[in-house]
Amino acid sequence: EKSRIALPVGSNLDRFIMKNQEAFPYASGELSQLIRDLAYAGKVVNREINRAGLADITGAYGNENVQGEEQQNLDVAANIRFTRALKKGGEVAAIISEEDEEIIDLNNPRSKYIVAIDPLDGSSNIDVNVSIGTIFSVYRRISPQGSPIQTEDVLQPGSAQVAAGYILYGSSTMFVYTTGKGVNGFTYEPSLGEYILSHQNMKMPKDGKVYSINEGSYYSFEPHVRDYVEACKKRGFSARYIGSLVADFHRNLLKGGIYIYPSTEKAPNGKLRLMYECNALAMIAEQAGGKATDGKQRILDIQPTDLHQRVPFYVGSTKMVKEATEEA
Ligand code: AHM
Ligand code: MG
């Protein structure tokens, strides 16, 4: 088909994006530029994360960044990096972020895209040197370019995403994204400063033997979730829970498995946020042949009512998600 991208593994992200764009002769290149801006900010954040262990020491020597800002917590710093890159890039009209209560209108009059982002997810893992991630969704704005941003521009269901992805800051840093034509993964090569295509057309195994859920909350799960956890144990499945959504998701994408953040007594809608945590991973999962629901309906079909709303989240290998939600 026309949209198939033929580029060998080992190509870099920029070339890949360019080829991708050529597959759509009328595309103006704005979405491509937006993806490049996100990838670039990811490099900057990656550099800061890699130095995190030295932050206090360098801080003691009065280290300030190039803008003369005092050192901040990394999640705040990451939010600044992504917001700045998207503002300067000029392709994004507004951002919603885990780090900001309200919509950030970037006052880019000619831009037609909206970005929802969790700049640094799993941030409790930073201090203990465990993988963390960035999660992003891209939407087309509904109101006309140049007018003030409306709530309807940002409260769109996940099915309206035009692109989604994540950056995993792990033992390697990876940029994984989709524009609705499959999922591709790029590994960052720090000595070149480039993301290299390492995982072409990623497919999630239909079934798996890994379950990821915070079992410490077992007694506050609903009965069907407890039953599913018991069933996993009886079958001798492996429990793997990093407590860093992107890392848990990424492993399950490659190896097969399920991630669940269910509703609990304390948190009836679970913990994770629909707009900048669940929707993006749901799109990636589906594009890779997996499945994502809130236990009742497809994540991508949920009509959001609040920027920061939470949903229970079941995502991963199709067969496992069906079993866990009693669809099977
Ligand atoms: P955060 O947005 O405050 O970082 O929380 C999200 C994180 C996910 O990465 C992770 O899967 C989950 O919270 C872990 O939560 P818990 O410790 O309750 O299991
Ligand atoms: Mg988060």
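Leaving out residues up to four places away in sequence, glutamate 98 touches Asp118, Pro119, Arg273 and Tyr276, where contact means that C-beta atoms, placed from the backbone, lie within 7 Å. This is a predicted model, in which local features need pLDDT of at least 70 and side-chain atom pairs count only at pLDDT 80 or more, while totals for chains, interfaces and linings use all residues. Residues are numbered from 1 along each chain as its sequence is written, and chains are lettered from A and ligands numbered from 1 in the order in which they are written.

Glutamate 98 sits in the loop between strand 1 and strand 2; strands (E, at least two residues) are DSSP runs, as are helices (H or I, at least four), numbered from the N terminus. Is glutamate 98 buried or exposed? It is buried, because 20 other C-beta atoms lie within 10 Å; the cut-offs are 20 or more for buried, 12 or fewer for exposed, and partly exposed in between, with C-beta atoms placed from the backbone.

Aspartate 118 belongs to strand 3 and is also buried, with 29 C-beta neighbours inside 10 Å.

An unreviewed UniProt entry gives a "binding site" at Glu98, Asp118 and Leu120; its positions follow the numbering used here, feature names are shortened, and annotations may be inferred rather than shown by experiment. These residues spread over 23 residues of sequence but cluster in space, with a largest C-alpha distance of 8.8 Å.

Methods. Contact = placed C-beta atoms within 7 Å.
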